[in-house]
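Open your viewer and get your selection tool ready.

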Amino acid sequence: MRKTAILLLLGLLPLSAGAQGLLDFFGFGVPQAKEKGPVSLAWDVNLDYNFDNREFDPSEDLFSRSSTIHNVALTPSIGVDIRQSSKVDHRVMLGIDVAKNLGESPTGADDRNLANWGLFHEITLYYRIRALAGKTLITGYAGAFPRSMMSRSYGPAFFSDSLLVFDRNIEGMLIKFKRPKARYEVGCDWMGMYGSKRRERFLIFSSGESSVLPWLILGWNFTGYHYAHAVEYGNVCDNILAEPYIRFDIARQASFQELSLQLGVLAGAQRLRDVDMNFTVPVAPEAILTLRKWDVCLRNNFYFSTSSLMPFYNRKDPGGFKYGSDFYFGDPFFRMNKPGREAENGFYDRLELFYEPNIAGFIDLKVGVVVHFAPTRDYAFGFAGWQQRVGLTFNLDRLLHPEKKITRNKRKSAVGGDYFL
C-alpha cells in the first residue's frame with residue numbers, strides 16, 4: 001500500500017508539470033505568468049544536498065564526535081491552490097521526503113531500511129494561508145510542513161547543523177508576519193505523542209526583528225521545550241532559551257553586502273522536575289561580527305557563559321537514557337565546559353568563512369569552513385576542531401512563484417519589505 005501511494009504521488013508530478021507549462025521555457029529563465037482561475041494545481045520539488053566533514057578534538061566525550069554527514073534529500077509534493085481574492089489565497093499540499101546518506105548501502109538482512117524503498121521517509125501534509133492586511137503579509141501553516149518555512153535567524157545555540165539536516169519537517173503550526181520594516185513568527189512543533197518508550201514533547205518557538213533605523217535592528221529568538229512522560233517511565237522537564245539582541249549594520253555606508261555587529265544575550269531556564277523544581281539559569285552574552293562582500297562572508301560568533309548552557313546533557317533520565325540531544329537541540333559546543341565542570345565559566349568562539357554566490361533565486365549554494373575554539377583537554381580555550389561544508393538547495397516553488405515586492409520607501413529597510421500576493 002505504501003509503495004502504491006508513493007508511486008502515485010511521484011507519477012502525478014510530471015502530469016502537474018505539464019499542466020503548469022514547465023517546458024515553456026529553456027535554460028534558467030522563469031516561465032511566463034499565466035492567468036489562473038480560482039482553483040489551480042500546485043506542485044513543488046525541493047532538493048537539499050549537504051556535505052559536512054567534522055574533525056573535532058579526539059576526546060569524543062568532550063563536545064562532539066568527529067564524523068562526516070553526506071546526505072541528499074528530495075521532497076516532491078502536489079496539491080491545490082485556491083485564490084479567494086487578490087489579497088487572500090490558500091494551499092493544501094501532500095509530499096514525501098526521499099532521503100539518502102550517500103555511501104550508506106545495505107550490507108545484510110538487518111539493513112533493509114537502507115534499500116531503495118526504505119529511503120522514503122516522512123510524509124508532508126499541510127495547509128497554508130496567505131493574507132495581505134494593509135502592509136502586513138500574514139502567512140500561516142498547519143500540519144507537517146518543511147522546516148525551511150521557519151526564519152533562518154535562530155543560531156546554532158538553538159538548532160545544530162545536524163538537526164537541520166536530519167529533522168527536516170515541523171509537525172504543528174506556524175504563523176508569520178512581514179511588514180516593510182519588521183518580521184515576526186511564532187510556531188509549535190509537536191515532536192512526540194505520549195506512548196510506549198516515546199515521551200510526550202513539544203517545542204514552542206518564536207523570532208522577530210524590527211528595523212528601528214536603517215542601520216539599527218532589534219530582535220529576539222526564543223524556544224520553550226516541554227519534555228514529559230512515556231508509558232514505561234516518566235519525569236517532566238523544561239528547557240527555555242531566549243535571546244534578545246541588537247544589531248548594527250553599516251553595509252550601505254561601507255559599500256558591503258553586510259557589515260554588522262550583533263550583541264545579544266542567551267538566557268536559559270531549565271529544570272528536571274523530579275530532581276529540583278527550581279530552574280537552573282545559565283547566561284551567555286554573545287557578539288556576532290559579519291562581513292560580506294563579493295558573496296564571500298566571514299562571520300565570527302563569540303560567547304562567554306557563566307555556566308554550561310546544557311547542564312543536564314550527560315545526565316540520564318529514569319529510563320536510563322542520556323538527555324543529550326533529545327533534550328538539547330543546539331550545537332554541543334554550547335556546553336562550553338568539559339564534562340564534570342558544567343558550573344564553571346566557559347568561552348566558545350565559532351569562526352565561519354564561506355562563499356555563497358547568487359546563482360539564481362531558486363538555487364542556494366554555500367561552500368565554506370567552520371572553525372571552533374573552546375575549552376580543550378590541554379587548554380582553557382583553544383582550537384577544538386573544524387568543519388568543511390558544502391550545501392546546495394534547489395526549490396522549484398521559488399522559481400514558479402518568485403516573491404514579489406513593492407518598494408514604497410526611498411530607503412529600503414534591512415528587515416521585512418512590502419509584498420503582494
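Which residues make a nonpolar surface patch of about 700 Å²? Select Val212, Leu213, Trp215, Leu218, Phe248, Ile250, Leu261, Leu263 and Leu289, and you have the patch on screen. Before going on, note that this is a predicted model, where local features need pLDDT of at least 70, side-chain atom pairs count only at pLDDT 80 or more, and totals for chains, interfaces and linings use all residues. Residues are numbered from 1 along each chain as its sequence is written, and side-chain values use heavy atoms, leaving out hydrogens and water.

Patch members have over 30% relative accessible area and no salt bridge, with nonpolar side chains (Val, Leu, Ile, Met, Phe, Trp, Tyr) joined within 5 Å. A salt bridge here is a side-chain nitrogen of Lys or Arg within 4 Å of a carboxyl oxygen of Asp or Glu. Areas come from the Shrake-Rupley method with a 1.4 Å probe, and only the protein chains shown count as cover.

Next, colour strand 8 (201-213) and strand 11 (258-272): each supplies at least two residues of the patch. Strands are DSSP runs (E, at least two residues), numbered from the N terminus. Zoom in on Leu261 in strand 11; its relative accessible area is 33%, so Leu261 is partly exposed (buried is under 20%, exposed over 50%, partly exposed in between).

Now move to Asp97, in strand 3 (residues 88-101). Is Asp97 buried or exposed? Asp97 is buried, because its relative accessible area is 4%. Leaving aside neighbours within four places in sequence, Asp97 is in contact (heavy atoms within 4.5 Å) with residues including Arg168, Asn169, His121 and Glu122.

Methods
Patches are made of residues with over 30% relative accessible area and no salt bridge: like charges are joined within 9 Å, nonpolar side chains (Val, Leu, Ile, Met, Phe, Trp, Tyr) within 5 Å. Helices (H or I, at least four residues) and strands (E, at least two) are DSSP runs, numbered from the N terminus. Buried means under 20% relative accessible area, exposed over 50%, partly exposed in between (1.4 Å probe, protein chains only).
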